[in-house]
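Hi,

Here is the structure I promised to pass on. Have a look at it first, and my notes follow below.

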Amino acid sequence: DQLQFEGEVRSLTGPFRGKGAFINAGNAYGYTVSAGRYGAEGVRLRLGLNTDERPLSVEADGMLSFERTVPSFDGNLTLARPVGVISASGKVTAQEPWRLTSRLKLTHKSALMDQVSFQYGPEERAVKLDGAAEFKFGEQPRLEGTLSARQVDLDRVLATPEMPRRLPFAAIQALGEMLGSAIRPSFPTTLRIGIDAATVGGAPLQAIGGDLRSDGSAWYLDKLEFRAPGFTQVRLRGRLDPVGGGLGYSGAASVEANDPIALVSWLGGRSGVV
């Protein structure tokens, strides 16, 4: 609704450029758009989209082509959430930034994203994962994707001047508070995550593998497994629910420790555990 456009159109076949705004489901969006002249291969298109309701910027740059009047797009996609948000009253709210870049092949049936690079947190202490994803359109749209990393240092991404390192449970709580305000899809989503090693509480968690699923309103852990200090194998399966500004967990848990003393030492913040 209330679609607005202000810009310059040289001819019906381009080039053109401009900016504007529109209302969708009660939320206001701003956009910028530019395109070259239409040719045999299509038209070079650059599109930017942003909204204050859920602070997020979207940029796409690539070739828009038509085959028997059916459009398709091949180019690059960038999604980003800023580090801070300024409300209409001028109040600044800090938040962890994230950024996703990928190659994008878009048709009327699906959006295929490969060479996905996802970064959560500022550059100097970010968590970085790579992967691929596909968004399928239709009456029941859904997103399916995979993300993986060889090494993740959660101690670094959670560090603050007042608390350079947290105990394991405190680190998990802080991570839940960060992720609780991250991406909240309004459509069914399935994500498979694999991380070789993650540093938490000064010690590594190894062979982390998880299957996450969202029905558009809540997240579910269909499976989460990892090895913790004390030659401990941990398995979780349950539901993630918003609790305050973070996430809570309800479900099944299995913990098998060959060296319980080492496990307890790690949980208590003692050094030298494996």
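For the terms: rings of Phe, Tyr and Trp (its six-membered ring) pair if their centres lie within 6.5 Å, and planes under 30 degrees apart are stacked, over 60 edge-to-face and the rest tilted.

Phe135 and Phe137 make another tilted pair, because their planes are at 50°, with centres 5.4 Å apart. Here Phe135 is buried at 16% relative accessible area, while Phe137 is partly exposed at 35%. Searching the whole structure gives seven aromatic pairs, and Phe22, Tyr29 and Tyr31 form one aromatic cluster.

Before you read on, a word on the source: this is a predicted model, where local features need pLDDT of at least 70 and side-chain atom pairs count only at pLDDT 80 or more, while totals for chains, interfaces and linings use all residues. Residues are numbered from 1 along each chain as its sequence is written, and side-chain values use heavy atoms, leaving out hydrogens and water.

As for the whole protein, 35% of its 274 residues count as buried. You'll find three helices and 17 strands (DSSP runs numbered from the N terminus: helices are H or I with at least four residues, strands E with at least two).

Cheers

Key
Buried < 20%, exposed > 50% of the residue type's maximum accessible area, 1.4 Å probe, protein only.
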